[in-house]
Amino acid sequence: MDIESRDENLVNEILGVYEKSIEHLNGVMPKESMEEIKSNTEKMIKNIENLIIVKNDEENIIGFMGCEDENLEMLYLHPDYLEPHFSSRISFEFYSPSRR
């Protein structure tokens, strides 16, 4: 699927994956810190040079990563897909400045 921009629906779906991926930190990290990181993550999703979206067979977003200046700046995967028996095909979509 070719998406020209990072609209609010896409950003919200990605943030849902982010929230699920950090839920296991509940009790380890203060809620205020988690909210601050979420806010920063949302800004990065909207502005990072290269955003890579990971989807499952049903085309649901299950992970994402962002790269800037050849550095991996963020990487999150839905916890349901961290299981050792996970064997579903994962597809990647690459969002670069030329596709924004």
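Contact here means heavy atoms within 4.5 Å. The structure is a predicted model, so to speak a computed picture, in which local features need pLDDT of at least 70 and side-chain atom pairs count only at pLDDT 80 or more, while totals for chains, interfaces and linings use all residues. Residues are numbered from 1 along each chain as its sequence is written, and side-chain values use heavy atoms, with hydrogens and water left out.

Among contacts in the protein chain between residues at least 6 apart in sequence, 64% join residues at least 24 apart. The chain runs α-α-β-β-β-β, that is, two helices and four strands (DSSP runs numbered from the N terminus: helices are H or I with at least four residues, strands are E with at least two).

Of the 100 residues, 35% are buried (under 20% relative accessible area; exposed is over 50%, partly exposed in between, with a 1.4 Å probe and protein chains only).

Over in helix α2 sits Glu42, partly exposed at 23% relative accessible area. Beyond its neighbours within four places, Glu42 contacts Glu8, Val11 and Leu15. Glu42 and Leu15 are 27 residues apart along the chain, yet their C-alpha atoms are separated by 6.9 Å.
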